[in-house]
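Subject: Structure handover

Hello,

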Amino acid sequence: EFPGCLPWRTSSHHFLPYSASMELESIRTRWISLFAKALEFDKWGQVLEAIEGYEALERSIVNQMQVWQISLRDMSYLHRTCLTLRLRVKAIKDPVNGPPISSDDILPIGDLLRVICSDSTPPFPVDLAPFAEWVSRTSSLVANEPPGARGGSLLPPPPPRVDGGVHMTVTINHFGLKDAERYVEPRVVVSLIGPAGNKIESSQETPPSTRADAQHVYFGNRVHLQTPVNHLEEGSCVFFEFGHFKSAKDMISTRCFSFLELREISEGTVDLEIFKKPTDFTRSKLKRLSVKPLYCSIKVSLSVE
């Protein structure tokens, strides 16, 4: 377990030891109290107190996300809760030009916090799709947010191997898409695929991006492949699947994908073509989506043990 983590791992069901269950309930109670106080200030027009309350709740949630081992679904819900709070704060600060989200719109967050990280968790109760433009402008949930605080499943560099190897790290710069600003919680899933279309190691997922412009979704995340490049079979490749949250279906949907073939691997920045979904690990039925100059931009770094 990671230091400070609650001693459980969640999957489709949540099995909590008594002590962990009590700690989770205590955290929920604190969050509900913070939210209720901030919402009350908000409805009474006490602007400064409301902003302080929402920001205090956001910081508390982000701090817990750093030390909890919870399912990707719960992590995504907590991230969306923070985005909702941030949107409401923006609306309070700028009622004219800010996002048109009211205190009534965020009221269901209280009910979600009562059951978060349980089998009773409902679909996320606030539709963020209408606010995608404002979400994409959010550069970070909190100041000086550490890597990984917003979820994802990125792994650290692999441990040294006895037989040595050439290790590959990929920095995902951006995905170029003509409708880049409309995506909610965009992220990239990176998979190392063998020549027959089989996964060689567990896929890694970036935290949701929080920055986009008219034609690019930016990431900046470093992905450490766990298998040395020189141990891969000819015909292997690295896939990059661009996904985003669809509120209508309450799910993460793949929009498109790119891939880097083993024979193309060299250090430096690479622009990869983008292909239409569904993802084809066999690369037998590819339909190009990208048009110049919109590509998946990555930077490849190689290190020798």
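Which residue in β5 is the bridge partner of Ile172? That partner is Asn221.

First, the ground rules. This is a predicted model, where local features need pLDDT of at least 70, side-chain atom pairs count only at pLDDT 80 or more, and totals for chains, interfaces and linings use all residues. Residues are numbered from 1 along each chain as its sequence is written, and side-chain values use heavy atoms, leaving out hydrogens and water.

Confidence

The protein has an average pLDDT of 82. That score is the predictor's confidence in each residue, from 0 to 100. At least 70 is reached by 82% of the residues. Residues 1-18 stay under 50 in pLDDT. For them the model has 33 contacts beyond four places in sequence; a contact means heavy atoms within 4.5 Å. Residues 139-150 are also below 50. That stretch has 27 contacts in the model beyond near neighbours in sequence.

Terms for the sheets

Strands are DSSP runs of E with at least two residues, numbered from the N terminus. Two of them pair if DSSP finds at least two bridges between them.

Sheet with β1

Five strands form an open sheet, in the order β4-β5-β1-β10-β8. The pairing is antiparallel. At its edges are β4 and β8 (268-272), each pairing on one side only.

Strand β1 covers residues 166-176, and β5 covers residues 216-224. Seven bridges link the two in the antiparallel sense.

On to β4, residues 211-212. Two bridges pair β4 with β5, again antiparallel. Arg211 faces Tyr218 of β5 across that pairing. A hairpin of three residues leads from β4 to β5.

Sheet with β6

Here too, five strands make an open, antiparallel sheet. The order is β3-β2-β6-β7-β9. The edge positions belong to β3 (204-205) and β9 (275-276); each has a single partner strand, so one side of each is left without a neighbour in the sheet.

Strands β6 (residues 237-246) and β7 (residues 251-261) pair over ten bridges, in the antiparallel sense. Within that pair, Phe242 stands opposite Cys256 in β7.

Best regards

Conventions: Helices (H or I, at least four residues) and strands (E, at least two) are DSSP runs, numbered from the N terminus.
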